[in-house]
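Here are my notes on the model you sent over. They go point by point, with the sequence and structure shown first.

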Amino acid sequence: MWTIIIAGSLTVLLAILIFLRRDLALKLQESERARAELELEESRVFEFLHGLGEAFSETIRSADLHRIIVENSCRILGSNGGALYLSSKTQEA
């Protein structure tokens, strides 16, 4: 009688351990994927800021600077197009 209870308890415990191991493996894979995505986004932003720093260190026209901002923003966001709207400090009546 006791052997059946012990064997059944061990079987249930083994099933629980297998389930927990599988669940942790899935969570680890999800965490690794999220970390890889975050590192990719960080590298894109760093490249963007590095490009802006290089542009400021050189003599650059404002049109070229605006183009660099839009192109790099599109690359970071993964979009097909973008626009930069500028406002004038002078008010027209």
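This is a predicted model: local features need pLDDT of at least 70, side-chain atom pairs count only at pLDDT 80 or more; totals for chains, interfaces and linings use all residues.

**Notes on the model**

1. **Salt bridges overall.** The structure contains seven salt bridges. Side chains of opposite charge can pair when their charged atoms come close. The next points take some of these pairs in turn.

2. **Arg 33 and Glu 37.** These two side chains form a salt bridge, with N to O at 2.9 Å. Both sit in helix 1, four residues apart, so about one helical turn separates Glu 37 from Arg 33. An α-helix has 3.6 residues a turn, so residues three or four places apart point the same way.

3. **Arg 35 and Glu 39.** Here the closest N and O atoms of the salt bridge are 2.8 Å apart. The spacing is again four residues within helix 1, so about one helical turn lies between Arg 35 and Glu 39. Arg 35 has a relative accessibility of 42% and counts as partly exposed. Glu 39 is also partly exposed, with a relative accessible area of 42%. This pair belongs to a network: salt bridges link Glu 32, Arg 35 and Glu 39.

4. **Arg 61 and Asp 64.** A salt bridge joins these side chains, N to O at 3.2 Å. Asp 64 has 22% and counts as partly exposed.

5. Does the length of helix 1 agree or disagree with its residue count? Helix 1 has 56 residues, so at 1.5 Å a residue it should span 82 Å. The C-alpha atoms at its ends are 81 Å apart, which agrees. Glu 41 lies in helix 1. Its C-alpha atom is 45 Å from that of Thr 11, which is 30 residues away along the chain. Glu 41 is partly exposed, at a relative accessible area of 46%.

6. **Asp 23.** Asp 23 is another residue of helix 1. Its relative accessibility is 27%, so it counts as partly exposed. Ala 63 is 40 residues from Asp 23 along the chain, and their C-alpha atoms are separated by 53 Å.

7. Met 1 is in the segment before helix 1, which runs 2-57. Met 1 counts as exposed because its relative accessibility is 72%. It is part of a nonpolar surface patch. Other members include Trp 2, Ile 5, Ile 6, Leu 10 and Phe 19. Together the patch residues have about 1200 Å² of accessible area. Please check this patch when you view the surface.

8. **What helix 1 buries.** Which residues of helix 1 are buried? They are Phe 48, Leu 52 and Ala 55. These buried residues pack against helix 2, which spans 62-77. Leu 52 gives a close-up: leaving out residues up to four places away in sequence, Leu 52 touches Leu 65, Ile 68 and Ile 69.

9. **Helix 2.** The 16 residues of helix 2 should span 22 Å at 1.5 Å a residue, and the end C-alpha atoms are 22 Å apart, so the two values agree. Its buried residues are Leu 65, Ile 68, Val 70, Asn 72, Cys 74 and Ile 76. Helix 1 is included in what covers them. Gly 78 follows helix 2 and has a positive phi, near 75 degrees.

10. **The core.** The largest nonpolar core has six residues: Phe 48, Leu 52, Ala 55, Leu 65, Ile 68 and Ile 76. Helix 1 and helix 2 each contribute at least two residues to this core. Leu 52 is one of the core residues, and two of its contacts, Leu 65 and Ile 68, were listed in point 8.

Technical notes. Residues are numbered from 1 along each chain as its sequence is written. Side-chain values use heavy atoms; hydrogens and water are left out. Patches are made of residues with over 30% relative accessible area and no salt bridge: like charges are joined within 9 Å, nonpolar side chains (Val, Leu, Ile, Met, Phe, Trp, Tyr) within 5 Å. Accessible areas come from the Shrake-Rupley method with a 1.4 Å probe; for residues, only the protein chains shown count as cover. A salt bridge is a side-chain nitrogen of Lys or Arg within 4 Å of a carboxyl oxygen of Asp or Glu. Buried means under 20% relative accessible area, exposed over 50%, partly exposed in between (1.4 Å probe, protein chains only). The expected span of a helix is 1.5 Å times one less than its number of residues. Contact means heavy atoms within 4.5 Å. A nonpolar core is a set of buried Ala, Val, Leu, Ile, Met, Phe, Trp, Tyr and Cys residues joined through side-chain atoms within 4.5 Å.
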